[in-house]
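We will go from stop to stop, picking residues and looking at what is around them.

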Amino acid sequence: MVSRKKNQPKKKVGTGKGIFIAVVLFISFGFGLTIGAGAYIISDTPNVSAYGDWQSTETTRIYNADGELIHRLFRENREYVTLNQIPEKLQQAVLAMEDSRFFKHSGIDYRGIARAIWVDIQEGGYAQGASTITMQLARNVYLTQEKFIYRKIQEMFLALQFERIYTKEEILEFYLNEIFWGHSAYGIQTAAHQYFGKDVWDLDLSEIAMLVGILQAPNRHSPYFNMDQAKFRQQVTLNRMLELDLVSPEEAEKAAEAPLELVGLGQTQDEFGPYFMRYVRDELLKMFGPQVVYGGGLRVYTTLDNRMQEQAEKTVKEMLEDETLPTIQRANLPGDPNQPQLAILSIDPKTGHIKAMVGGRGDDQWNRATQSRRQAGSAFKPIIYSAAVKEGLSPGSVVLDYPTVEYSGHTVTSTDDQPTPWPRNFNDVYRGWVTLREAMNHSINVAAVKTLSEIGVSNALRMAQDLGIKNLVPEDRNLGLALGGLTRGITPLEMAQAFGVFANRGIRTEPVAILKVEDNRGNVLYEANPTREIAISEGASYIITDMLQSVIKDGTGWRAELGRPTAGKTGTTNDYTDAWFVGYTPDLVTAVWVGEDSPRPMKYFPQTDSSGNVVINPRTNEPNYGVTLSSWIAAELWGRYMRAAVEPMPVTNFPPRPRNVIEVSIDPFTGKLPGSYAPREVTELFIRGTEPEERESFHQPIERVDVDVETGLLATPDCPQENVQTRRYQMDTSIRVDDNGLPIHRFDPSTGVPLSDEEGNYIFEKKPTQSCFVHGSTRPAEEAPSEDDDDTIDRLWDRLWDRSDD
């Protein structure tokens, strides 16, 4: 038996085992941490399975009425093309420069990673990437461009997912449509148009090599910024393709020497018709929302006529350049500081298609053609008269055009407590008895208000609504409506729609700017079907159109003459704050508005005397202005534009007269059938059943009598010949008449209002019965003086008394 020595140490059996356990635990922890981190990163990585359903964000493209591209809406300017539309040489060039082993790896090129790591070690930092085309696609679609390990792991995982779900050809197609190519171009098709103005399938090898060459850093290598660098990158691409036997030396040399014909980065299609484009954009946003509009690749077909739009913009530019339309800078305005502003809007009255739209003299965000609600002034009168025709009146109906104080709701009291007549005509010109046609021709305010009073404001408001006027409120229920006084105003778009009813046989068609919307696969998402409703009868629309043709031929709208059938109406508001002309041919209706964004009188450039003092007009007690804008400026703008707009269009006539509209000869001063002594007669239009049947007796046999105009008495041989005037009087009534046989009213000298007796009958001038006694004769005692004689004699004695004082 062997015995243990006394001082020998004991053996430590557990030490090795502990180290082993520790190592195992450390490895397990590290592995678990790695697995956990990887799982976290993967869980934070997007799912790529739905990518092929929407194929990246794609540009929405807007086309005009002829199917030509005129505008784009995008977050990223992109037009998707399929792989078979992309030239094989371009595919080969991209693979040669970006991922030559694309068809050999499964999304991650391990050989490329090893090469990149070796280069990074040699450079002492991150110098070269190893991203495959699949990894680049993942990064561009879902990740950022930051070079972090976290992002790189996500990128690799996404690449594997792409490769698992999609074919190599699909991935290459996605990539070529996704990648950024400089400036605003995303995808190869947009890049082809941006640099060379052509489709991708029309690119030649020289252009392909340049586009692929700049792909690494497109803005830095852009030929628009650095042609030398772009040519260098083009040569690098050609050399790489030559190295891989993708091109022959001859092809490479020819491509390198070919000149690059760039289209330039000047004005683009996106700047054409800015107000119309924003109007269409806003309509699209209402229908589809921003995500689809800016990224869904919609194809939007609109009503815009490029030629008319260009002509509208050209006309505005010309009138600004020749200073027919002045320019004043206004401070503290939210939009364009240049004033006065304007709007032009053209519509096809039959279809409602908006053909041209100018919303201002610049390109600011405020569209005055559709958003500005302004007072319509006299341009509203056709709506009043259309209601009158509906209520049984006609262009031959008559109204007395003289000042009146009978409309108490609008009477203004002056400082001496005397009622001031309302309304007043322009320049205080009054014409006596006039037909509604004459009232429209000369835009007579008194006649419009009296007509509205006769037919009732409610009927006129109902007509305005039927014609498409919106935003009418209870406060509009007053006689000021006859002069275009609307609480909330009216837009040029509404005015064009309303006048379009007259041009379209009484049918109102809702204005439309968008004809059709398709998605990026050609599926129709929306197709216009504008509402069409009968607003007024065909007979009424025919009559109003005939009256509005007279406005241009014989009235205030002469500047709008086109040399073809044309109808329209001028409009100016109080104090010259708004100017309008709304008119139409059988095929086109156009509304023009001119005014300042912050309403103020359009009176410019006060005149001064030699001392520099502003010249004051003694009649108005206001400065004399060099330029005052009223409806004439709107009519001038309308005429210049429309003459060019309709020039290539065939001349057509308005629709023929309906069977229920008849012509009848009438006396224009009474609106009745002419009597035996009527001085003249006119032919007027009537809806059958509203024509006059009574023959007028207003005109009577007349006699001519010599009157001393100084004394107002019958002239004698002793009266100075220069004082003698031959006047006309009705033989039976002794009422004085004018050259048209119309009785001459007596007026209140302070207001200009015709006098009437206690029963409301008008008082007329009468024939004097006394002979003049001032110039050598005495008054025969047996003659009884008339009322007129009493007034005349009283004035004579006053004057003689004044002379005696001298």
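This is a predicted model: local features need pLDDT of at least 70, side-chain atom pairs count only at pLDDT 80 or more; totals for chains, interfaces and linings use all residues.

Residues are numbered from 1 along each chain as its sequence is written, and side-chain values use heavy atoms, with hydrogens and water left out.

**Stop 1: salt bridges**

A salt bridge here is a side-chain nitrogen of Lys or Arg within 4 Å of a carboxyl oxygen of Asp or Glu. The count by this rule is 29 salt bridges.

Select Arg78 and Glu178 to begin. Their closest N and O atoms are 3.3 Å apart, forming a salt bridge. Arg78 sits in strand 3 (residues 77–78) and Glu178 in helix 7 (residues 168–178), so this pair ties together parts 100 residues apart in sequence. Helices (H or I, at least four residues) and strands (E, at least two) are DSSP runs, numbered from the N terminus. Are Arg78 and Glu178 buried or exposed? Both are buried; the term means under 20% relative accessible area, with exposed over 50% and partly exposed in between (1.4 Å probe, protein chains only).

Next, pick Lys198 and Glu207, whose side chains meet in a salt bridge at 3.2 Å, N to O. Lys198 is partly exposed at 24% relative accessibility, while Glu207 is buried at 8%.

Now move to Arg657 and Glu663, a salt bridge with its closest N and O atoms 3.4 Å apart. Here Arg657 is partly exposed at 39%, and Glu663 is partly exposed at 48%.

Finish this stop by selecting Asp322, Glu636 and Arg640, which are linked in a network of salt bridges.

**Stop 2: Glu163**

Select Glu163, in helix 6 (residues 149–165). Glu163 is buried, with a relative accessible area of 16%. Which residues does Glu163 touch? Leaving out residues up to four places away in sequence, they are Phe102, His105, Ser106, Gly107, Thr134, Lys168 and Ile171; contact means heavy atoms within 4.5 Å.

**Stop 3: Glu251**

Last, select Glu251, found in helix 11 (residues 249–257). Glu251 is partly exposed, with a relative accessible area of 37%.
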